[in-house]
Amino acid sequence: MLQCIFLLSDSGEVMLEKQWTGHQVDRSICSWFWGHVLSQGGSSKVPPVIASPTHYLFQIVREGITFLGCSQVEMPPLMALDFLGRVADVLSDYLGSLDEDLIKDNFVIVYELLDELMDNGFPLTTEPNILKEMIAPPNLVNKVLNAVTGTSSSMSNTLPSATASTVPWRTSNTKHANNEVYVDLVEQLDATVSRDGHLVNCEIYGEVQVNSHLSGLPDLTLSFANPSILNDVRFHPCVRFRPWESHQILSFVPPDGQFKLMSYRVANLKNTPIYVKPQFSSDAGTCRVHVLVGMRCDPGKQIDSITVEFQLPSCVVSTDLTSNHGMVNVLADKVCSWSIGRIPKDKGPSLSGTLRLAAGLERMHVFPTFVVGFKIMGVALSGLQIDKLDLLNLPYRPYKGFRALTRAGIYEVRG
């Protein structure tokens with residue numbers, strides 16, 4: 001069981017602390033954890049589960065805020081990480097975004113939510129619909145009423161009706177003037193390319209996100225044209241497992257509003273949509289750089305927001321870099337950022353220039369890793385296709401919409 005949770009800012013400051021059990025976890029564990037993060041080179045380099053000398057630590061990072069859970073006893077790590085993710089999702093849903101100032105301005109509501117999310121170390125109420133009936137989301141009207149009445153709590157005096165329902169994730173008697181449901185395939189490409197251009201690893205992590213505004217108690221069935229490509233699927237609690245197990249069909253009564261219906265992984269992709277070819281040659285204390293970016297295969301839609309970043313080695317003392325397309329900036333922390341945008345049809349984007357090495361060095365022996373970013377609207381690179389979406393138990397005909405988005409995740413090219 002989780003004994004407590006700490007919310008840490010991007011500088012390691014403890015923004016919020018919540019103890020769930022009688023045993024108090026000292027804040028000094030946060031100092032130990034942040035020292036470990038700095039020694040590893042940042043939060044992205046730290047594994048999600050860490051064994052400290054006194055506690056098991058579970059951590060996720062969302063929008064620069066670290067959610068750190070602590071336990072003195074062994075527990076299923078996936079349960080702890082999933083719960084921390086649910087805490088982050090609930091706070092983001094309530095506050096609009098995860099921001100240090102927003103959390104501090106609404107700390108009463110955040111504490112009330114943490115009280116309901118977990119009881120004595122075990123997850124309790126994690127459905128946003130039930131929580132919103134119990135604890136009103138922050139808004140201007142509530143703040144004015146609290147200021148006038150002198151109260152600070154947003155807790156309701158009545159028990160949410162959904163707690164006695166067979167579908168606790170959905171509020172009863174839901175009504176909408178416009179009935180519509182949108183299904184989005186959101187995918188993230190993770191790839192590693194070796195120095196000689198060989199594709200070491202390439203896979204997709206995807207989510208099926210649904211935004212539902214349907215009256216009554218709808219029953220939805222979503223099927224895919226090629227579900228056999230999916231691995232490591234995870235479902236929202238509303239999904240009935242038996243239809244998926246037997247026919248790979250998602251049958252569910254949706255929550256109201258936006259939610260993640262399922263997540264999945266597609267492994268062993270053969271290609272990436274764009275390539276990055278770096279070349280280095282050094283002598284006499286300087287290193288010449290040439291980086292070429294181009295389209296490897298046509299995904300059928302425009303590739304947008306292309307960026308290439310790399311960390312300059314510590315032996316580099318000055319740079320002179322230019323590009324024939326886009327903007328090149330060298331930041332204070334010696335990160336070179338090249339913003340390309342879209343690849344023009346008449347020329348391939350290239351970056352070239354020289355790096356001056358520290359005194360006494362003839363050649364550069366440590367070469368950077370290039371981190372690539374991009375976004376493609378309207379395409380799921382995994383090849384996953386939605387076959388149809390059927391809606392039952394509805395006396396009306398709602399609007400149905402489908403979209404897809406693929407963006408770069410951890411896409412690295414070794415220099």
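## Exercises on a predicted model

L261 makes contact with V208, V210, L222, R234, F235, H236, C238, V239, L250 and F252, leaving aside residues up to four places away in sequence. The model you have open is predicted. With that starting point, let's work through some exercises.

**Exercise 1.** Find the largest nonpolar core and say which residues have the most contacts inside it.

*Solution.* Start from L261 and step out to V208, L222, L250 and F252, which are among the residues L261 touches. Next, look at the core as a whole: 64 residues belong to it, and those with the most contacts inside it are V208, L222, L250, F252, L261, F374 and Y411. Then ask which element gives the largest share of this core; it is strand 8 (residues 180-193), with six residues. To finish, look for a second, separate core: it has 33 residues, including L16, I60, Y94 and L117.

**Exercise 2.** Describe how strand 8 is covered and which strands it pairs with.

*Solution.* First, check the cover: 11 of the 14 residues of strand 8 are buried, so the strand is mostly covered, with buried meaning under 20% relative accessible area. Second, follow the antiparallel partner, strand 9 (residues 199-213), which is joined to strand 8 by 14 bridges. In this pairing, E180 is found opposite H213. Third, inspect the hairpin that these two strands form: five residues lie between the strands, and G197 takes a positive phi near 90°.

**Exercise 3.** Is R170 buried or exposed, and what is the state of D115?

*Solution.* Locate R170 in the loop between helix 6 (140-149) and strand 8. Its relative accessible area is 2%, therefore R170 is buried. Then go to D115 in helix 4 (residues 107-117). D115 has a relative accessible area of 40%, so it is partly exposed. Its C-alpha atom is separated by 47 Å from that of S314, 199 residues apart along the chain.

**Exercise 4.** Sum up the protein chain by its secondary structure, extent, burial and surface.

*Solution.* Begin with the elements: there are seven helices and 24 strands. For the extent, the C-alpha atoms fill a box of roughly 75 × 55 × 45 Å along the principal axes. For burial, 46% of the 415 residues count as buried. Contacts come next: of those between residues at least 6 apart in sequence, 68% join residues at least 24 apart. The accessible surface is about 21,000 Å², and carbon and sulfur atoms account for 50% of it. Last, compare the charges: the mean positions of the 34 positive and 41 negative charges are 8 Å apart.

Terms used. Residues are numbered from 1 along each chain as its sequence is written. This is a predicted model: local features need pLDDT of at least 70, side-chain atom pairs count only at pLDDT 80 or more; totals for chains, interfaces and linings use all residues. Side-chain values use heavy atoms; hydrogens and water are left out. A nonpolar core is a set of buried Ala, Val, Leu, Ile, Met, Phe, Trp, Tyr and Cys residues joined through side-chain atoms within 4.5 Å. Buried means under 20% relative accessible area, exposed over 50%, partly exposed in between (1.4 Å probe, protein chains only). Helices (H or I, at least four residues) and strands (E, at least two) are DSSP runs, numbered from the N terminus. Contact means heavy atoms within 4.5 Å. Two strands pair if DSSP finds at least two bridges between them. Accessible areas come from the Shrake-Rupley method with a 1.4 Å probe; for residues, only the protein chains shown count as cover. Lys and Arg count as positive and Asp and Glu as negative; His and the chain ends are not counted. The place of a charge is taken as NZ of Lys, CZ of Arg, CG of Asp or CD of Glu.
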